[in-house]
Amino acid sequence: MSKAKKEEEAVFLRQKITLLRAFSLLIGSMVGSGIFISPKGVLKNSGNLGVSLIVWFACGILSLFGALCYAELGTRISKSGGHYIYVLETLGPLPSFLYLWAEYFAIKPANSAVISLAFGRYILEPFFAPCGAPLPAVKLVSLLGYYTVLILNCWSVSWTARLQIVLTVFKLLALALIIVPGMMLLAQGHTENFQDAFNSQSLVLDKLPLAFYAGMFAYSGWFQTSFVREELVRPERNNPLAVIVSVLTVMVGYMLTNVSYYTVLTVEDVLASQAVAVSFAQKAFQSLISVIPILVALSCIGTMNGGILTFSRTLFVASREGQWPPLFSMIHIRRHTPLPAVMLMFPLVTAMVCVGDIDQLLNFFSFSRWLFIGLATLGLIIHRYRHPELPRPFKVPLFIPVSFTIICLFAVGMSFYSDPMYVSIGCTIVLSGFPIYFLVVSRPIPDCCRTTFHYLTFKLQVLLEVVRQEIRTY
């Protein structure tokens with residue numbers, strides 16, 4: 001049998017993510033529910049319209065800095081896994097496991113639940129307007145949408161990527177339907193909502209970290225290609241190019257979208273709205289009232305799709321590195337998808353959708369996420385000095401990772417003051433990983449449990465039709 005035929009039949013994650021698919025993964029993950037939910041959170045926690053626009057711009061610049069740092073890490077470290085693998089390779093196994101622990105039990109389920117609930121709320125909005133959709137119906141539809149995307153990710157990487165491209169087009173169309181009417185009204189002289197934009201009486205400096213979290217939530221997704229690094233075509237070229245162009249595109253789109261919102265809606269309208277984009281359509285173009293919620297819901301589906309695609313690779317790589325059960329580093333023998341890793345998100349996301357509230361969930365997962373992103377870019381600085389001999393096809397100026405790390409860690413520290421209860425919950429979940437690491441991960445499985453563990457792994461392997469990766473891709 002020829003080498004090419006052996007490789008064709010081998011079980012491994014193939015390089016199927018082209019530059020176009022990388023663009024769609026990044027833009028499709030960033031432009032999700034955030035721009036349609038977060039304007040309210042940014043405004044409420046910044047205090048006035050002017051500061052909220054500054055926060056949106058600052059979050060865009062900060063996201064660009066983070067994307068540049070991750071682009072360099074992606075050229076230095078050839079493994080998939082995103083934040084997890086970067087923390088592992090630069091800071092060691094303990095902080096990487098704490099990230100993995102917090103990501104699985106707090107960050108990713110909460111993030112997915114936020115996006116799923118936004119999908120459910122927007123898809124039902126036209127059917128119940130002018131009243132709000134009943135919460136049980138929102139949660140049911142949210143779960144149905146999430147399960148549909150989960151099944152697709154179990155089925156095919158190629159179809160997942162194709163869906164992402166189509167949904168990215170719908171996302172950009174949704175933004176255009178907000179930006180164009182808003183800019184037209186602004187050009188006609190409708191600037192009354194921008195009068196006294198920097199009213200100092202309503203400024204709330206102690207809540208600015210929460211405004212930062214809400215803004216960065218809308219931009220979150222600029223790191224997605226780092227999770228699928230091994231599946232990128234020409235990653236040394238395509239990864240930096242994709243992240244830079246995508247973040248700049250989204251940044252411009254978000255600023256124009258926010259200006260459009262405030263051209264049509266007053267500050268009071270935004271704060272009172274449960275769905276800012278729908279409130280915009282009600283005032284600007286009644287004919288679009290049923291179209292925009294559908295486009296926003298499709299946008300949320302795209303973000304869910306990108307999130308499942310990428311986080312399953314984190315579990316896959318963590319299992320391969322020995323910090324997660326070995327079953328989750330296995331691939332379906334025909335579909336060539338990491339089936340066990342994809343399915344593992346099912347229970348916790350279901351639980352968080354059933355009990356969670358969007359505003360509470362945002363603060364709950366933001367603390368842990370930005371703590372470890374800040375540690376990953378700190379790791380880049382350390383890695384540069386430890387390994388100056390490594391090739392660096394892409395390198396950013398030192399002030400970019402330094403400033404990004406300081407801002408992330410400062411915002412994390414300030415959030416203890418801004419929202420102590422939910423941040424304490426996130427911190428507790430991170431710290432709860434310490435005993436698990438020292439009692440389970442860093443020690444070999446006791447002899448009394450090893451046989452049972454291997455037996456269960458084998459039975460699940462047969463049931464799911466999965467095997468270990470047969471060709472090394474890093």
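# Chatting through a predicted helical chain

Visitor: What does Gly 50 touch, not counting residues up to four places away in sequence?
Guide: Gly 50 touches Ala 197 and Phe 198 on that count, where contact means heavy atoms within 4.5 Å.

Visitor: And where is the place of Gly 50?
Guide: Gly 50 sits in helix H4, residues 49-76. Helices (H or I, at least four residues) and strands (E, at least two) are DSSP runs, numbered from the N terminus.

Visitor: Before I go on, what kind of model is this?
Guide: It's a predicted model, with residues numbered from 1 along each chain as its sequence is written, and side-chain values use heavy atoms, leaving out hydrogens and water. Local features need pLDDT of at least 70 and side-chain atom pairs count only at pLDDT 80 or more, while totals for chains, interfaces and linings use all residues.

Visitor: OK, so what is the mean pLDDT of the chain?
Guide: The mean is 85, and 94% of the residues reach 70 or more. pLDDT is the predictor's confidence in each residue, from 0 to 100.

Visitor: Let's zoom out. How many helices and strands does the chain have?
Guide: There are 20 helices and two strands. The radius of gyration is 22 Å, close to the 23 Å that the globule rule gives for 474 residues, so the chain is as compact as a globular protein of that length. That radius is taken over C-alpha atoms, and the rule is 2.2 Å times the number of residues to the power 0.38.

Visitor: What box do the C-alpha atoms fill?
Guide: Roughly 70 × 45 × 45 Å, taken along the principal axes. Buried residues make up 58% of the 474. Among contacts between residues at least 6 apart in sequence, 84% join residues at least 24 apart.

Visitor: Now Trp 222. Where is it found?
Guide: Trp 222 is in the loop between helix H9 (208-219) and helix H10 (235-264). Its relative accessible area is 0%, so Trp 222 is buried.

Visitor: What does Trp 222 touch, not counting residues up to four places away in sequence?
Guide: Among them are Leu 26, Met 30, Tyr 70, Val 243, Trp 370 and Phe 404.

Visitor: And Asn 305, which helix does it lie in?
Guide: Asn 305 lies in H13, residues 291-320, and is buried with a relative accessible area of 1%. Leaving aside neighbours within four places in sequence, Asn 305 is in contact with Val 149, Leu 152, Asn 153, Thr 160, Leu 163 and Gln 164.

Visitor: Why does Leu 378 count as partly exposed?
Guide: Because its relative accessibility is 29%. Leu 378 is in helix H16, residues 358-386. The C-alpha atoms of Leu 378 and Val 87 are separated by 9.0 Å, although the two are 291 residues apart along the chain.

Visitor: Switching to backbone angles: what is phi of His 336?
Guide: Near 55 degrees, a positive value in a residue other than glycine. His 336 is in the loop between strand S1 (330-332) and helix H14 (339-343), and at 16% relative accessibility His 336 counts as buried.

Visitor: Glu 465 isn't a glycine either, so what about its phi?
Guide: Glu 465 has a positive phi of about 60 degrees. Glu 465 is found in the loop between H20 and strand S2 (466-468), and counts as partly exposed at 33% relative accessibility.

Visitor: Last one: which residues is Thr 457 in contact with, leaving aside neighbours within four places in sequence?
Guide: Leu 327 and Met 330. Thr 457 lies in helix H20, residues 447-464, and counts as buried at 12% relative accessibility.

Technical notes: Buried means under 20% relative accessible area, exposed over 50%, partly exposed in between (1.4 Å probe, protein chains only).
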